[in-house]
Amino acid sequence: MREVPLDRDEARVAAGHVLDHPGADGIEVVAMGSRTALTRFARSGIIQNTVREEVRAYVRAIVGDRIATAATTQLDAEHMRRAADSALEAARASRPDAEWPGLARPEDVGRPEPLGRWDDDTAAATPAQRADAVRAILAATEGTEAAGIYETSAHAYAVMSSAGVDCHDMFTRCITTCLTDTGESTGWGEASSHRAADVDHAAAARRSIAKANAGPARADAAAAGYEVVLEPAAVATLLEYLSYAGLGAKQVIDGESFLSSRSGETVAAPEVTLADDVTHPCSVGIAFDFEGVPRRRVPVIERGRALGPVTDLRTARKLGTESTGHNSGSAEFGPYASNLVLGEGDRALDELVGGVDDGLLITRFHYVNILDRPQTLLTGMTRDGTFRIRGGEVAEPMHNLRFTQSVLDALSGTRGIGRDLVAVAPEYGSFGSTAAPALHVGEFRFTSTTSH
């Protein structure tokens, strides 16, 4: 089995079939390859082992200010040229795009150096190695029903164009999750990194079983605002939805982002700095966006003040600025902040808990949805470990609650930040990452209770 799903030479050869395609004023090729190997377990046994390998190329043809894209999953000359023909035909039939910024030119945007978040051992992980990891997880959760995944993957991306863009980068990733169920209570643990050796899957399992073994939830908390400590998984979810709600320039231009009206204002506590930074050691990603523009570190909130947003060529042209290298590959959605890092503080988790006289400890959220983008208002549920905090100590397990909360209000009410950044893989897909510490928040609004 090949370790690298698409190397630079292969990408160059594939793009070379079409970069001088007759009839086009310009051609851009985005090529990608991936191999994802997943071992899934449930009811304390392995139930599935899958390996998915894929290569794909998107060929964009430009005729004047008319643009269209076609895709192929075969990178030989015949299929690449067919894709270019289809893109060219569609471009000629498309409406003119007066806002088309043109292809990226390296002399203008720079040439990215690969980050190389790559680990050979992770890329070459075998089913037996993944099974060994699952056995260690199940040994740590003995006596309960455990479910989750252990996944290793390898990804490569390339952008080549007739305007001179020629970039390639790769990353690997290992993810483990563990949900334990005692029959009366559940617990959660997870871990991820670009190196499997850095993923302590047994520790994730022990965190999960410790929460489940704390006992069944026998207490209700009334719907109200509570002082809370959010563990990193819960914080990461809030940040992912904040990015989706409005850290991109298209949402700003469309008036759907808080940055449309609050840029330059104080929107969070002065200890809060939130940046999109693929170069951070906890981040997993590539050095360029899907236009071949180098990805810059963008502080969207710095010391509590709103800055941002992230941009691509199209939105940067509208805003009269430069692209920050955050093209998402979707003109409809626009640029996206996919490697958020919330700056760490100076307190251990137990110190954050120790600062709460009466409140709640939240392990993670699920069923999260956006209610109001400009207000960054979300709703969702707690899950797999919600505990009362009394007198600075974790007390009894609580029934889960539904929250309705503005992310910015939570960041504004931040009273303490954990010193340990935790890398969290995206909830959906394989691209991007979030690095989050735990947070002590002065008030978090819960709007209804549950019986479980």
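Trainee: Leaving aside its neighbours within four places in sequence, which residues is Ser193 in contact with?
Mentor: Ser193 is in contact with Thr172, Arg173, Cys174, Asp198 and Val199; contact means heavy atoms within 4.5 Å. A word on the source: this is a predicted model, where local features need pLDDT of at least 70 and side-chain atom pairs count only at pLDDT 80 or more, while totals for chains, interfaces and linings use all residues. Residues are numbered from 1 along each chain as its sequence is written, and side-chain values use heavy atoms, leaving out hydrogens and water.

Trainee: Why is Ser193 called buried?
Mentor: Buried means under 20% relative accessible area, exposed over 50%, and partly exposed in between (1.4 Å probe, protein chains only). Ser193 has 13%, so it is buried.

Trainee: What makes the pair of Ser193 and Arg195 a polar contact?
Mentor: A polar atom of the Ser193 side chain lies 3.2 Å from the backbone nitrogen of Arg195. The definition asks for N or O atoms within 3.5 Å, one able to donate a hydrogen and the other to accept it within protein; residues adjacent in sequence count only if both atoms are side-chain atoms.

Trainee: Which residues touch the most other members of the largest nonpolar core?
Mentor: Of its 48 residues, they are Leu230, Leu274, Phe365, Phe444 and Phe446. Such a core is a set of buried Ala, Val, Leu, Ile, Met, Phe, Trp, Tyr and Cys residues joined through side-chain atoms within 4.5 Å.
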